[in-house]
Amino acid sequence: MPPELHILIVDDNRGDAVLLTRALSAVLNAAVIEAAASGEEALQRLLGEGPFSGHPLPTLVLLDCRLPRLSGFQVLEKVRTDPALKGIRVVLMSGLVTAEHVAEGERCGSDGHIEKPDSPAAFDALAQALAQFSAQAAKGECAHFRFPGGLPHRF
């Protein structure tokens with residue numbers, strides 16, 4: 001993986017964020033992986049506000065759809081309307097993927113939509129798929145994230 005790969009995980013479920021960080025770190029040992037616990041913190045990080053001033057932008061954001069106060073969809077809309085952030089890849093995550101979630105994500109400009117893993121093996125499989133997506137995206141070869149075998153409801 002290129003050393004410039006920088007991933008931001010946005011999830012209010014600390015356990016899920018930790019498991020995903022560990023799985024990604026095992027596959028992407030040269031990547032910088034950070035987490036934000038809310039939509040507000042994610043935007044602060046992305047806009048370089050407050051304590052995040054001068055921090056590099058992530059190349060990939062894994063964004064929970066169902067965040068308190070500011071939803072993942074609202075964060076994504078703000079990302080896609082800011083010229084400085086438009087190039088960031090954003091993959092939405094949900095505990096339960098519905099057709100409505102996918103449609104809303106596509107309307108907002110997501111680069112993919114996945115169901116949150118529910119086991120250590122599923123976190124590892126997702127990390128492998130995201131590593132491949134990140135490598136392809138860095139080369140401009142991939143437009144939309146698809147988990148191997150299609151959009152899963154359960155891994």
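The side chains of Arg107 and Glu104 come together in a salt bridge, with 2.7 Å from N to O. Keep in mind as you look around that this is a predicted model. The salt bridges come to a count of 10, while the count of disulfides is zero. Let's walk through some of these features by topic.

**Around Arg107**

- Both Arg107 and Glu104 sit in helix α4, three residues apart, which is about one turn of the helix.
- Here is a handy general idea: an α-helix has 3.6 residues a turn, so residues three or four places apart point the same way.
- Glu104 is partly exposed, because its relative accessibility is 27%.
- Arg107 also forms a salt bridge with Glu77, where the closest N and O atoms are 2.5 Å apart.
- What does this pair tie together?
- Is Arg107 buried or exposed? With a relative accessible area of 52%, Arg107 is exposed, whereas Glu77 is partly exposed at 31%.

**Other charged partners**

- In general, side chains of opposite charge can pair when their charged atoms come close.
- Arg69 and Glu40 make a salt bridge, and their closest N and O atoms lie 3.4 Å apart.
- Arg69 is in the loop between β3 (60-64) and α3 (72-81), and Glu40 is in helix α2 (residues 39-47), so this pair ties together parts that are 29 residues apart in sequence.
- Arg69 has a relative accessible area of 67% and is therefore exposed; Glu40, at 31% relative accessibility, is partly exposed.
- Which residues are linked in a network of salt bridges? They are Asp11, Asp16, Asp64 and Lys116.

**The buried face of helix α3**

- Which residues of α3 are buried? Gly72, Phe73, Val75, Leu76, Val79 and Arg80 are.
- If you look down the axis of α3, these buried residues fall within an arc of 155°, so they line one face of the helix.
- The cover over the buried residues of α3 includes α2, β3, β4 (89-94) and α4.

**The cysteines**

- With a disulfide count of zero, Cys65 is in no disulfide, and the nearest cysteine sulfur to it, that of Cys108, is 9.0 Å away.

- Where is Arg22? Its place is in helix α1 (residues 14-27).
- Arg22 is exposed, because its relative accessible area is 60%.
- How far apart are the C-alpha atoms of Arg22 and Phe123? They are separated by 8.8 Å, although the two residues are 101 residues apart along the chain.

Note on methods: Residues numbered from 1 in each chain as written. Predicted model: local features only at pLDDT ≥ 70, side-chain atom pairs only at ≥ 80, totals over all residues. Heavy atoms only, no water. Salt bridge = Lys/Arg side-chain N within 4 Å of Asp/Glu carboxyl O. Helix = DSSP H or I, 4+ residues; strand = E, 2+ residues; numbered from the N terminus. Buried < 20%, exposed > 50% of the residue type's maximum accessible area, 1.4 Å probe, protein only. Arc of directions from axis to C-beta. Contact = heavy atoms within 4.5 Å. Disulfide = S-S within 2.5 Å.
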